[in-house]
Amino acid sequence: MLSLLSDLLWSKILIAVLIGLGLWFTLASRFIQFRYFGKMFSILTARHHETDGHLSSFQALILSVAGRVGGGNIAGVAVAITLGGPGAIFWMWVVGLMGMATSFIECTLAQIYKKAEPDGTYRGGPAYYIEKGLGTKWKWLAVIYSILLLATFGIAFVALQSYAVANSLKDAFGIPLSYSGIGLAIVVGMIIFGGVKRIAKVAEVLVPVMAGGYLLIALVVLAMNITAIPDTLMMIVKSAFGIGPAIGGGVGAAILMGVKRGLFSNEAGLGSAPNVAAVAYVPHPASQGVVQAFSVFIDTILLCTCTALIILLGTAYDPSTVSAADGIALTQASLATHIGETGRIFVSIALLLFSFSTVLYNYYLGENSLSYLTKDKNNPWLMNGFRVLILFLCCIGAVLNLGTVFSFADLTMGLLALANLLALALLFKKARSVTKDYDDQVKAGVAQPSFDSAKFPELDLDKDAWPEINKSTK
């Protein structure tokens, strides 16, 4: 029943809503993900955060990439190709490019309505912009969203990622599942008890290494097969529109699998990344929106494409014999055809690192939800109790069959997306007004646009998070 409801939600309702809103946001923002693509890099290198102890745009980006990048980039792409054919990758690209606009809107809103904490840090995310942006009459939606986020990412997905880590280590090195679970719990515990800043510092080192390593091995594969790349890319495009020999399940399957796996991979519209985007200190909310749009590009356009090319350029992929159950095994076998059996170990290590970083990210989402629901971040018993629960989930998740848990989390994640997308549609005008302020400053030649909350009294913002620049300088 859970699988049936989840399939209905993801294959019918959410695909239409996510694509529709992504297209609307893209057109209404005048293709903002393309207009500011080059500016993403200058924002990332800005040094305005170093004197105040806040997280930087780069650290917030890395945290969100840590969450977006995971099994979907390795096993998910293989499943998409198996069921939808090579054309599914084209539709993953389409979803990723539109998802950049959706991510821009939700992460800009997270910055607009973020809340300053007594210790100087920030909190924010969908629950905050739903309650503050839509008013107290919508608080019920904010509460539901927070409960779903806590149950899905903060609890269920932690256990599932532990399962992925443990099985990856067992396949690659023969380590017993229970040992992996205990080891993961110890390492995770040393990090999460240090708070979000320690998580960010670990992710700042781990994520570039794991993503960079995966890109590097992909570049090696591309260099080895450089003459075949144009034909492979052409095959992807032709397959997406049913041109050429039928591979996979036809055009309909290509679209369905490309869209579904693309959404699972980049999480644009789910509201998970805004929880992290709100933590960063930036001079203008749209700055973080631009940066977070880039994280979708990294996830879907770069890393998913790397996996797709590794599979399609190899000899292990045979449409007549592979099945969706192969998943990560297909990626491992494909890489092995390029660089030998070392490829299998490399994929296992990559999945280990991707899943580990996602555990840290999921923990923070759970902590943020708990903070909103209880309005008490500084209660040591509450937060430490949740951290102990995370460690327990790391241990128990490694050894259990989590099929039912996954089906449940799949369904709650879909409901999570619907709640967030409703809020994004209702708050779009407010996000667009702030974006226009950013656009106007860029047109005027301002190198680093800044946000003055005095210009937006109707938004009723947290003055500690966004001071009124005009008044403060008089």
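What share of the 474 residues in the protein is buried? Buried residues make up 58% of them. Keep in mind that you're looking at a predicted model.

**The whole chain**

Let's start with the overall build. Now for how the chain meets itself: take the contacts between residues at least 6 apart in sequence, and 82% of them join residues at least 24 apart.

**Two residues to look up**

| Residue | Helix | Relative accessible area |
|---|---|---|
| Gly76 | H5 (residues 71-84) | 7% |
| Asn362 | H16 (residues 342-374) | 1% |

Gly76 sits in helix H5. Is Gly76 buried or exposed? Gly76 counts as buried, because its relative accessible area is 7% and the cut-off for buried is under 20%.

Asn362 belongs to helix H16. With a relative accessibility of 1%, Asn362 is buried too, so it falls under the 20% cut-off. Which residues does Asn362 touch, once you leave aside its neighbours within four places in sequence? Asn362 is in contact with Phe153, Gly154, Phe157, Val158 and Gln161.

Terms used:
Residues numbered from 1 in each chain as written. Predicted model: local features only at pLDDT ≥ 70, side-chain atom pairs only at ≥ 80, totals over all residues. Heavy atoms only, no water. Buried < 20%, exposed > 50% of the residue type's maximum accessible area, 1.4 Å probe, protein only. Contact = heavy atoms within 4.5 Å. Helix = DSSP H or I, 4+ residues; strand = E, 2+ residues; numbered from the N terminus.
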